[in-house]
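Hi everyone, thanks for coming.

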Amino acid sequence: MTEQIMQFVSDAQREVAREMSVCNACRYCEGLCAVFPAMELRRDFGGGDVDHLANLCHACGACHYDCQYASPHAFAINVPAAMATLREETYARHAWPRMFQGVFERNGMWIAGLSAAAVAIFVAGFAAFADPGALFATSDEPGAFYRVMPHETMALLFGLVFLYAMVAIAMSVRNLWRAAGPIEGLSFASVRQAVVDSGKLRYLDGGGMGCMHESERPSDARKRYHHYTFYGFLLCFASTLTGTLLHYGFGLEAPYTRWSPTVLLGTVGGIGLIVGPLGLLRARRERDPALSGEDHSGMAEAFLWSLLATSVTGLLLLVLRATPAMGLVLAVHLGVVFALFLSLPYGKFVHGLHRFAALLRHAHEQRAAHGEVGAPSQQR
């Protein structure tokens, strides 16, 4: 085992390692989720191990209510809270570039400030440099959006910020993966299993009964809201891709007809990005405080509000695009989207990619444990 994998760099890592040592001796919760089978493959827990387990945890809360060593027992085991605290910490520790790690510590304030600044800059920029009459013009014809902001400028600006976000997120996932140690013989079957588990949110159900985020009574509500958010985001991304195809492949310019695939996908996705985030915000308010880790950054709520703002302004643009308000709403929408893209590597969005990496490693380890592939080199 390498020194990097073994080394603890925080109290949160030490606490998760302590609790996993107790759980590994008890094993009462081994059927609840992926964390406990992954735990059982380890005899000891280093820093990279607990980072991996924290991102494998889906915070369903079932183990806390089943635990015989939870408070007031002297062991004071609380796996969901310990994992949540460490998980938030791993986002910052593995961020790229490292000089932006501090953004996670004040994430909510940073995103709010960035969003306000981006919207102000876009609105002021349109008013100053665009066709003076375009910002408040009434037009629903193809190309109307680009009279407010030239397509080349829009594509370059958003293309660059999106590319930066994807590179930063990829480097963050790589850092997390390397911290947990190398593995050998990664197969397509493991990748496919990780994709299926991610798409179905397989472990967000307390071992099949449902998520216990409020009390011992299981519920599928949190899982459903995650699905609305996840697939709403994917549909909006698909809408952007179809718009790009229509523009470059067929020479068609936005705004598109209301029955075009771009508008239909964006509308359905936008509704999902309202229902999902609102439901998750409500679930956060109702969540049992005992299950929550230390979150002083406001990261989760800031990301949900960013998604909501993106969806609401996008749907408003659809409704008001043939009115004098079109230009101003477009400017606000683009400002919100720009802020969202720029903040993706430094907010809650990264948890989805970190979780996929953890599920991929877990799928490989389970196949190795059953002799289907070569043993992972970090297993002990």
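First, some ground rules. What you see is a predicted model, in which local features need pLDDT of at least 70 and side-chain atom pairs count only at pLDDT 80 or more, while totals for chains, interfaces and linings use all residues. Residues are numbered from 1 along each chain as its sequence is written, and side-chain values use heavy atoms, with hydrogens and water left out.

Now the overall picture. How many helices and strands are there in the protein? The protein has 15 helices and 0 strands. Helices here are DSSP runs of H or I with at least four residues, strands are runs of E with at least two, and the numbering goes from the N terminus. Of the 380 residues, 52% are buried. Buried means under 20% relative accessible area, exposed means over 50%, and partly exposed is in between, with a 1.4 Å probe and protein chains only.

Next, contacts, which means heavy atoms within 4.5 Å. Taking contacts between residues at least 6 apart in sequence, 77% join residues at least 24 apart.

Let's zoom in on helix H4, residues 47-56. Is H4 enclosed or open? 10 of the 10 residues of H4 are buried, so H4 is largely enclosed by the rest of the structure. Among them are Gly47, Gly48 and Asp49.

What packs against this helix? Two packed helices are described by the angle between their axes and the distance between the axes. The axes are lines fitted to C-alpha atoms, for helices over the stretch in contact, and the angles run from 0 to 180 degrees between N-to-C directions. One partner is helix H6, residues 79-93: its axis is 8 Å from that of H4, and the angle is about 110°. H4 and H6 are therefore roughly perpendicular to each other. For that wording, angles under 35 degrees count as roughly parallel, over 145 as roughly antiparallel, 65 to 115 as roughly perpendicular and the rest as oblique.

On the H4 side, the residues that touch H6 are Val50, Asp51, Leu53, Ala54 and Asn55, and they meet Met83, Leu86, Arg87, Thr90, Tyr91 and Arg93 of H6. By class, that makes 6 nonpolar, 2 polar and 3 charged residues. Here Ala, Val, Leu, Ile, Met, Phe, Trp, Tyr, Cys and Pro count as nonpolar, Asp, Glu, Lys and Arg as charged, and the others, Gly among them, as polar.

Another partner of H4 is helix H15, residues 350-369, where the axes come within 8 Å and cross at roughly 110°. H4 and H15 are therefore roughly perpendicular too. From H4, His52, Asn55 and Leu56 take part, meeting residues of H15 that include His354, Arg355 and Ala358. This contact divides into 3 nonpolar, 4 polar and 3 charged residues.

On to backbone details. Most residues other than glycine have a negative phi, and most peptide bonds are trans. Ala59, in the loop between H4 and helix H5 (62-66), has a positive phi of about 60° although it is not a glycine. Ala59 is buried, at 8% relative accessible area. Ala76 has a positive phi of about 50° and sits in the loop between H5 and H6, but Ala76 is partly exposed, at 32%.

Which residues are joined by cis peptide bonds? Trp96 and Pro97 are, with omega about -10°, and Pro97 is in the loop between H6 and helix H7 (107-129). Ala254 and Pro255 are as well, with omega near 5°, and Pro255 belongs to the loop between H11 and helix H12 (261-286).

Finally, two residues in helix H11, residues 221-250: His247 and Leu246. His247 is buried, at 15% relative accessible area, and Leu246 counts as buried at 14%. Not counting residues up to four places away in sequence, His247 touches Tyr146, His151, Leu252, Glu253 and Tyr256, while Leu246 touches Gly251, Leu252, Tyr256 and Thr262.
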